[in-house]
Every structure is written in structure tokens, then in C-alpha cells.
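Please read it alongside the sequence and the model.

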Amino acid sequence: METLSSLAVVAGDENKETGNAAFREGKFKIAIDCYRNALKVCPVGHTAVTYLGNLAATHAKLGEWCEVLTVCARALTVSPEMTKALLLRGRALMNTWRVP
């Protein structure tokens, strides 16, 4: 019998895959909803960091730089060397003129 955590990961990954498809089609608001749903069912761990990276990238496509900063901060708290989050945070800082 599967554990609740493995079921949560499966549900999260299904939402992520739906979000990825929406992202490829340029349906960024739908992708955001999917990645947020993935985080609701699987909010911690390495899998959640992947969802956060995808969520940040989607906000970046929409030019929502404050959201990018918020999501990247959350991802970097869990995984401080996550390249995707570091690059997106830098891009968001450049676009909001918050370069330290």
C-alpha cells in the first residue's frame, strides 16, 4: 500500500506536468495555478523546490518580478544553491532595480 507522502508526490507531479504543458502553450496563468496546486499537495522537500522553480519561471514570463523574488526566496531557503532560483532572483532584481 502506498504511503500518503508518495501519493502526495504523485499528485504534485501530475499538477506539475499539467503546468508544464500549459507553460509550453503560453498559458502562464493556468501554469501558475497548476504549480500552486502541486505545492499544496506536496509543500516540502526536493520535489517542492522543483515546483517553486517552475512557479518562479512562470512569474518571470509574465514580468511579475516581486512574485519571482518571493518564490525564489522560498526555494533558496530549502536549496541555497539552486541555480534556477539564483538566476531568476538575479533577473528579478535587475528588473526591479534592487541590485544591492
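A residue counts as buried under 20% relative accessible area, as exposed over 50%, and as partly exposed in between. The model discussed here is predicted. On that scale K61, in helix α3, has a relative accessible area of 53% and is therefore exposed.

**Helix α3**

Helix α3 covers residues 45–61. Its 17 residues should span 24 Å at 1.5 Å a residue, and the distance of 25 Å between its end C-alpha atoms agrees with this. Of these 17 residues, 12 are buried, so α3 is largely enclosed by the rest of the structure. The buried set consists of A48, V49, Y51, L52, G53, N54, L55, A56, A57, T58, H59 and A60.

K61 is in contact with F23 and F28, leaving aside its neighbours within four places in sequence. Between the C-alpha atoms of K61 and L93, which are 32 residues apart along the chain, the separation is 15 Å.

Two packed helices are described by the angle between their axes and the distance between the axes.

| Helix pair | Axes come within | Crossing angle |
|---|---|---|
| α3 and α4 | 9 Å | roughly 165° |
| α3 and α5 | 10 Å | roughly 25° |

An angle over 145 degrees counts as roughly antiparallel, and one under 35 degrees as roughly parallel. Helices α3 and α4 are therefore roughly antiparallel to each other, and their crossing is left-handed. On the α3 side the contact is made by G45, V49, L52, L55, A56, H59 and A60, and on the α4 side by W65, E67, V68, V71, C72, R74, A75 and V78.

The crossing of α3 and α5 comes to roughly 25°. That makes α3 roughly parallel to α5, and α3 passes α5 in a left-handed crossing. Here G53, N54, A56, A57 and A60 of α3 meet K84, L88 and R91 of α5.

**The loop after α3**

G63 sits in the loop between α3 and α4. Just after α3, this glycine takes a positive phi of about 70°. With a relative accessible area of 36%, G63 is partly exposed. Its C-alpha atom is separated by 8.5 Å from that of A92, 29 residues apart along the chain.

Helix α2 runs over residues 28–41 and has 14 residues. From first C-alpha to last it reaches 20 Å, close to the 20 Å expected at 1.5 Å a residue. Its buried residues are F28, A31, I32, C34, Y35, A38 and L39. Seen down the axis of α2, these fall within an arc of 165°, so they line one face of the helix. An α-helix has 3.6 residues a turn, so residues three or four places apart point the same way. On the other side of α2, K29 and K40 are exposed.

**A lysine in α1**

Is K16 buried or exposed? K16 belongs to helix α1, residues 4–24. With a relative accessible area of 17%, K16 is buried. Not counting residues up to four places away in sequence, K16 touches Y35, A38, T50, Y51 and N54.

Terms used:
Residues are numbered from 1 along each chain as its sequence is written. This is a predicted model: local features need pLDDT of at least 70, side-chain atom pairs count only at pLDDT 80 or more; totals for chains, interfaces and linings use all residues. Side-chain values use heavy atoms; hydrogens and water are left out. Helices (H or I, at least four residues) and strands (E, at least two) are DSSP runs, numbered from the N terminus. The expected span of a helix is 1.5 Å times one less than its number of residues. Buried means under 20% relative accessible area, exposed over 50%, partly exposed in between (1.4 Å probe, protein chains only). The arc is that of the directions from the helix axis to the C-beta atoms. Axes are lines fitted to C-alpha atoms, for helices over the stretch in contact, and angles run from 0 to 180 degrees between N-to-C directions. Angles under 35 degrees count as roughly parallel, over 145 as roughly antiparallel, 65 to 115 as roughly perpendicular and the rest as oblique. A crossing is left-handed if the near helix is turned anticlockwise from the far one by less than a right angle, and right-handed if clockwise. Contact means heavy atoms within 4.5 Å.
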